[in-house]
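Welcome! Here is a short briefing to read alongside the sequence and the 3D view.

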Amino acid sequence: MANAPVQQVVLEEESKGVKVNYTPALVSLAILYFMMGFITCLNDTLVPFFKEGFTLTYSQSSLVQFYFFLTYGVMSIPAGRIVERVGYKKGMVLGFSIAALGAMLFFPAAIMHQYYLFLAALFVVAIGIVLLQVAANPYITVLGPARTASSRLTLIQGVGSVGTTVAPLFGASFILSGLQEAGASSDAVKYPYLGIAALLVVIALVVSRLHLPTIRAEAKSEVLSDEGRSIFSFRNLKLGVWAIFCYVGAEVSIGTFLTNYIADTLTITEEQANSYVAFYWGGMLVGRLLGSLILKTVRAQVVLSASAITAILLIILSVSSTGNLAVWSMIAVGLCNSIMFATIFSLSVEGLGKYTTKASGILSTAIVGGAIISFSQGFLIDHYTWLISFMLPLGCYLYILFYGVNGYRRQSL
């Protein structure tokens with residue numbers, strides 16, 4: 001076994017013995033995660049809006065999610081390199097600025113009423129979101145004692161869940177409210193996204209003027225037995241990449257079509273149905289708070305398996321029933337989703353040592369599942385039925401169940 005340098009992220013000020021005030025950084029991260037959750041979840045409102053406004057099929061309207069989440073597959077690794085070059089604080093400012101530019105592009109896209117221009121604008125917004133995530137994640141682990149890193153992560157993710165819960169209510173009030181009268185017009189998105197752009201610019205300016213702790217990579221000598229080993233030789237990581245792909249795909253796909261599914265099931269308008277979606281994402285907030293307590297005493301793989309089984313049963317119940325039972329059982333899947341990403345992620349990088357940072361980038365790239373699965377489900381809805389289409393996310397949860405039972409193990413039994 002040889003000694004190998006391992007990169008770890010540390011606060012530069014603390015390494016010099018300087019006392020650090022974490023509050024400004026934590027507040028900026030909370031705002032960052034709120035805006036990321038809000039903007040990402042607002043896509044669920046855009047799908048039914050564009051479907052009606054441009055007379056699209058389900059698969060065509062799902063291109064909103066396809067191009068947004070495709071960015072993770074294309075930009076995760078380049079974004080990491082950009083952040084390494086400009087630094088974490090400037091990376092966040094750049095992320096907010098690019099997302100603001102994308103939101104501004106909604107204005108000319110609405111004036112010209114061209115769907116492809118909206119998709120291009122969303123792609124630009126998503127580039128900003130990816131940069132924000134890459135720049136922000138290391139801060140969470142170093143802003144405070146290592147023993148409380150999990151609670152900080154749960155708290156910040158909880159703030160993000162507030163954003164995802166508010167977004168459908170905002171979308172129903174300001175975007176979908178005039179859907180029936182809008183006809184062949186996309187004016188309803190002009191001013192909401194212009195307001196979002198202005199807010200993002202303000203946040204970028206504020207963050208640029210904040211004195212945030214400087215974080216840097218530090219070489220640490222660590223004894224490793226796996227020097228020269230390929231990162232793809234770790235079984236838990238290889239299978240974990242697909243688990244992240246399936247999880248994000250299922251979560252996004254259900255959220256994408258939930259408005260239309262509820263509208264069809266209860267025979268109500270898209271505006272009324274979109275308000276229900278807030279409960280789907282609100283379940284993530286409740287679940288993360290409960291999960292942070294449960295995971296202190298129950299093994300992560302057990303919680304993951306139980307959540308996957310529950311999600312599978314809820315989907316089966318929903319597609320085999322009608323009315324409110326069908327609607328609320330599908331909404332309840334959001335509660336099951338709450339702990340999945342963090343749990344799969346932690347199980348995937350367990351025991352990777354010096355490969356952990358590289359593995360994190362690979363796992364982030366797997367978020368592209370949100371693009372592939374949502375588009376595929378849209379295709380199934382167009383050509384078959386709601387029941388058949390929901391077999392796709394159900395299959396995703398079956399794979400997650402496999403990962404929780406056996407796939408997380410570093411060696412197969």
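Is Cys 246 buried or exposed? Cys 246 is buried, at a relative accessible area of 11%; buried means under 20%, exposed over 50%, and partly exposed in between, using a 1.4 Å probe and protein chains only. Please keep in mind that this is a predicted model, where local features need pLDDT of at least 70, side-chain atom pairs count only at pLDDT 80 or more, and totals for chains, interfaces and linings use all residues. Residues are numbered from 1 along each chain as its sequence is written, and side-chain values use heavy atoms, leaving out hydrogens and water.

**Cysteines**
- The structure has zero disulfides (pairs of cysteine sulfur atoms within 2.5 Å).
- For Cys 246, the nearest cysteine sulfur belongs to Cys 396, 4.4 Å away.
- Cys 336 is buried too, with a relative accessible area of 7%.

**Helix H18**
- Helices here are DSSP runs (H or I, at least four residues), numbered from the N terminus.
- The buried residues of H18 include Gly 369, Ala 371, Ile 373 and Ile 381.
- Among the elements covering the buried residues of H18 are helix H4 (63–86), helix H11 (235–266) and helix H20 (391–407).

**Salt bridges**
- Two salt bridges turn up in the whole structure (a side-chain nitrogen of Lys or Arg within 4 Å of a carboxyl oxygen of Asp or Glu).
- One joins Asp 187 and Lys 190, at 3.8 Å from N to O; Asp 187 is partly exposed at 40%, whereas Lys 190 is buried at 12%.
- Arg 410 pairs with Glu 350, their closest N and O atoms being 3.8 Å apart.
- Arg 410 lies in the segment after H20 and Glu 350 in the loop between helix H16 (340–349) and helix H17 (356–365), so this pair ties together parts 60 residues apart in sequence.

Note on methods: Helices (H or I, at least four residues) and strands (E, at least two) are DSSP runs, numbered from the N terminus. Contact means heavy atoms within 4.5 Å.
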